[in-house]
Each structure stands twice: as C-alpha cells, then as structure tokens.
Amino acid sequence: MNRTSRFFIVILLITFFPGLSQTSAESSNSAKGREQLVTALDAAWVRILDNGKYRQILNAHNAAEVIINIVDCLPSPSMIPFPEKPEGLLKQILDTKKIKVGTMLTGPPGPETTSNFFAPISTDMLEAVLTEIAKHYKTKPITVTKVNIPPPFNATTALNNGEIDIIDQLNALGGKSENLRRRTSRRFTCTLSGSRQVLYVKNDAPYKNFEDLLNDPDIKICAGPLSTQTTKAYFKGPEQSVTTKYVFDISSCLSKVINGKADAMMSPFPDKKFFPDLIDTNGDRKPETNPKPLIRAIDTNLVTGTPYWVAFDEECACDKTE
C-alpha cells in the first residue's frame, strides 16, 4: 500500500467514524495533561527546595533528623520549567482552583501513631508546592479536597477512576498496590521525602547488626503502616513473621518488644527520642512505662522515599504483571 492510499483510508475513517478521531484526541489530551501535572509538581518541588521553604517546613515540625532529601531532583529550577499551555488535568486544576488528593493517613491523634508525625509535614509541603504552581500560572490559591481511601487502600483504582487527581506522600516508590508495581502502574514525581528504616530491639537482645536480624530464622517483627511493606520484603523466611499495627503502632510495637512478644520493631524514626515518654505495656491503655531506656536502635541502611502519584492512562504500555 502506497502513501497516497494510506492517506485516503485515514480520511475515509475520519469521515465515516468521526468518533475515532475525537476519542484519540481526547485520549492524547488526557495523557498530556497528566504528564504536565507531574512536570508542574516537579517544577514547584525543586523551587521550594531552592528557596529554602523545604527546610523551613522540616524545622517547624522538628523533622530535620527524620526526613531525608533523596536528590533524584536537584534544587535547580532551570532544569525543570513549568509546562506551557496547560491541557487536560493540569488545566482543569488551574481552571477550578481545586485538586483532589487521596490520603490514607487518618488515625487517632497523638504521638503513639507514626503517621501522625508525618501527616502535618505532608500537608505543609503540598501547600507550598501548590502555592508555587498558582504563583507561576498567576491563579488564585488552589484548594485541596482530601479524599480518604479506606481499606483495602485501592489507591491505584481511585486514580484511574478519577476519584482523585493525585496521591499524597503515602506510598513508597519501591512498593506495590493492588498487586501492581507502583512504578509501572502510575506516574510519579520527584521523591519529595525519604526516611530511614530502623529496627529497635531490647537492650539485652543478641542482635548486633542488620545481618544478625536477617539471619534469625524465626524472628518476629512488629511494624507500622509506613514500614510494613519494606519489612515484609526483607523478612520473608518461612518461619519469620511481620505483624502490622495501623494505629497506635509505636506504643503497640514497643510494648510487644519490651514484653518479649516481638523481637524487634521497624520504624522510620532514627532515634528513640522521637518516641513517647510513657507507653502502655500491660494492656490497660494507661501509659506507665518509659520505653526509651529499655531499647536500642539498629540501623538497616534502608531508606524509603515517597513521591506524588498521578494516573497512568489505560492504553499505556506499562508492564502490569510486575
């Protein structure tokens, strides 16, 4: 078939099936708008890195020792310009001044739950990023509508269905959701924040380093929601076990370690000074034990990082079997 014949076939298809052209155009616009949103989020992120706002947020929340800047995007604004001529999802957000943000960090307040430390930091960082976007495009402030994703936390489906525009800093880049590898089933931005993964054991525990824990064939570990997937990936021996506590994870896991019901707790906190001064160790929900003198830290040299997540398109060629 020569070039002229192919040209006439295309014209005939568009003439008799106009919906084909429209659908293709809409799909292209949708895909471009999502890619633009990722680029706009990245552009805003490197600017708050560059202007010092990022460090201000960490210092305001006493988080400078906890959160690590994984430099997969350098604080060089000239490297990442904002997209010109916004389309699709980015244009919609700019036009409506609204963005729907998926979140799972809902739990009882207080220092006993890990996510309660990170949630306000995430909120302030998103506000700073959206402020940069609004400033660049000369729009009014962009309002965040938080959409809670309940168990079993089908965040990828919520993105693809349009229930949310982005997922906040909840899912680490290396993990999976709904049995799909996140890297290949979603779009993602620069890594906004990272945290160490540290194991806490009793002072008299026999473990000296990470290898000792890995080599314990029947070790029992307790972890909160921000550490559980990493912990299960490394401790997966037939007799090794990982218990996840979604709320009150700090106090619950430390109590298990102190009482000998778990050998270790995995946590994103690098020092025990970030733990409560008193926790409940006898089950009556009345804090009576200071855990800090009873435990010690073993650094795993593992660091997890979280981006913002944006939907892939259904027709993307990503490998969803991983």
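A contact here means heavy atoms within 4.5 Å. With that rule, residues 24 or more positions apart account for 75% of the contacts in the protein chain with a separation of 6 or more. This is a predicted model, so local features need pLDDT of at least 70 and side-chain atom pairs count only at pLDDT 80 or more, while totals for chains, interfaces and linings use all residues. Residues are numbered from 1 along each chain as its sequence is written, and side-chain values use heavy atoms, leaving out hydrogens and water.

**The chain as a whole**

- The protein chain holds 10 helices and 13 strands; these are DSSP runs numbered from the N terminus, with helices (H or I) of at least four residues and strands (E) of at least two.
- Of the 322 residues in the protein chain, 45% are buried. Buried means under 20% relative accessible area, exposed means over 50%, and partly exposed lies in between (1.4 Å probe, protein chains only).
- The accessible surface of the protein chain is about 16400 Å², and carbon and sulfur atoms own 54% of that area. Accessible areas come from the Shrake-Rupley method with a 1.4 Å probe, and for residues only the protein chains shown count as cover.

**Disulfides**

- A disulfide is a covalent bond between the sulfur atoms of two cysteines. Here the rule is a pair of cysteine sulfur atoms within 2.5 Å, and the count comes to two disulfides.
- Cys73 and Cys190 form a disulfide with their sulfur atoms 2.0 Å apart. This pair links distant parts of the chain, 117 residues apart: Cys73 is in the loop between strand 1 (67–68) and helix 4 (88–96), and Cys190 is in the loop between strand 7 (186–188) and strand 8 (193–202).
- Cys73 is buried at 13% relative accessible area, and Cys190 is buried at 3%.
- The other pair to find is Cys222 and Cys253, with an S to S distance of 2.0 Å.
- Cys222 has a relative accessible area of 1% and Cys253 has 0%, so Cys222 counts as buried and so does Cys253.
- The link of Cys73 and Cys190 is left-handed, with -85° about the S-S bond. The torsion for Cys222 and Cys253 is about -65°, so that disulfide is left-handed.

**A look at Thr114**

- Thr114 sits in the loop between strand 2 (98–103) and helix 5 (115–137), and it is buried at 3% relative accessible area.
- The side chains of Thr114 and Asp249 are joined by a polar contact of 2.4 Å. A polar contact is a pair of N or O atoms within 3.5 Å; within protein, one must be able to donate a hydrogen and the other to accept it, and residues adjacent in sequence count only if both atoms are side-chain atoms.
- Leaving aside residues up to four places away in sequence, Thr114 touches Leu226, Asp249, Ile250, Pro268 and Phe269.

**Backbone details**

- The peptide bond from Pro151 to Pro152 is cis, with omega near 10°, and Pro152 lies in the loop between strand 3 (143–148) and helix 6 (155–160).
- Asn62 is not a glycine, yet it has a positive phi of about 55°. Asn62 is in the loop between helix 3 (53–60) and strand 1, and is exposed at 53% relative accessibility.
- Arg285 is not a glycine either, and its phi is positive at about 60°. Arg285 is in the loop between strand 11 (264–267) and strand 12 (295–306), and is partly exposed at 45% relative accessibility.
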